Amino acid sequence: QNCPASELAPEACMMSGRAAVGWQNYAGAIEYFTNLTGGRLDCSPKLKSQALFAYGGALTLLDSRDTNRYANLELAIQVFGTIHSSNPTNEQAALALGEIGKCYFQLAAQNPRYYESASNAYQQVIDSPYADVTARSQAQVGLAMALEAQAQHLTGEEQNALLKLALNHYLDVFYYEKNLRDGERPDLFWVKKAGLEAARVAEAMQDWTQAMNLYRRLEGLLPPLKELLERKIQKAQEHLTPGKG
């Protein structure tokens with residue numbers, strides 16, 4: 001602010017916004033980010049794109065006590081949509097689609113029809129040649145969660161079909177070998193997350209063999225949870241014992 005003509009001024013404005021996010025002053029952060037996105041001539045296209053992404057993220061974090069949360073999410077979708085449409089053939093565009101999926105997932109708490117929109121956004125990330133393994137893994141877990149949420153509103157065979165589809169998406173991330181592209185290594189955070197979620201769904205579907213196999217593999221990935229996982233394995237074995245479960 002004291003040196004507006006400095007070539008560092010736009011970067012300083014961006015960092016000020018990030019600092020505001022750090023202390024949870026999201027409204028203040030948005031002022032900094034929109035200062036950069038609102039036609040500022042000394043802001044490079046790359047920095048403007050970063051500011052747009054940060055603006056969208058700050059919108060999703062605004063306190064619902066002070067603002068209309070659902071309106072903020074809808075505006076965030078527009079912001080991330082602008083990022084994607086302006087240059088759809090790069091990694092940031094794929095990441096923007098993932099953020100759109102998250103926004104729709106949150107909007108679905110108000111209207112379940114948004115689960116389908118979330119699923120569509122996540123699927124685009126999974127299919128994108130510009131999304132890395134982390135983005136694809138996160139999107140596939142998000143897709144599975146959306147399918148699970150949709151299943152809550154169904155019964156019988158329709159519910160089981162969606163739960164099975166959700167389970168398969170979790171399994172695709174957990175047994176990651178077939179999903180990796182050349183030169184990629186799995187993102188272990190999402191591998192572990194997918195494994196835990198898959199085991200939970202397998203239990204809910206009473207697929208005890210699947211659940212037991214998942215817990216056994218998770219033991220090697222999550223040593224601090226060994227005691228808990230051993231209890232889970234024992235529970236699954238009891239259900240598989242004739243006359244029990």
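Tutor: Let us begin with a definition: a residue is buried when its relative accessible area is under 20%, exposed when over 50%, and partly exposed in between (1.4 Å probe, protein chains only). By that rule, buried residues make up 41% of the 245 residues in the protein chain. Keep in mind that this is a predicted model, where local features need pLDDT of at least 70 and side-chain atom pairs count only at pLDDT 80 or more, while totals for chains, interfaces and linings use all residues. Residues are numbered from 1 along each chain as its sequence is written, and side-chain values use heavy atoms, with hydrogens and water left out.

Student: Why is Asp-172 called buried?
Tutor: Its relative accessible area is 18%, so Asp-172 counts as buried.

Student: Which helix holds Asp-172?
Tutor: Asp-172 lies in helix H8, residues 156-174. Helices are DSSP runs of H or I with at least four residues, strands are runs of E with at least two, and both are numbered from the N terminus. The protein chain has eleven helices and zero strands.

Student: What does Asp-172 touch, leaving out residues up to four places away in sequence?
Tutor: Asp-172 touches Gln-140, Lys-178 and Asn-179. A contact here means heavy atoms within 4.5 Å.

Student: What share of contacts between residues at least 6 apart in sequence join residues at least 24 apart?
Tutor: In the protein chain, that share is 54%.

Student: What box do the C-alpha atoms fill?
Tutor: Taken along the principal axes, the box is roughly 80 × 40 × 35 Å.
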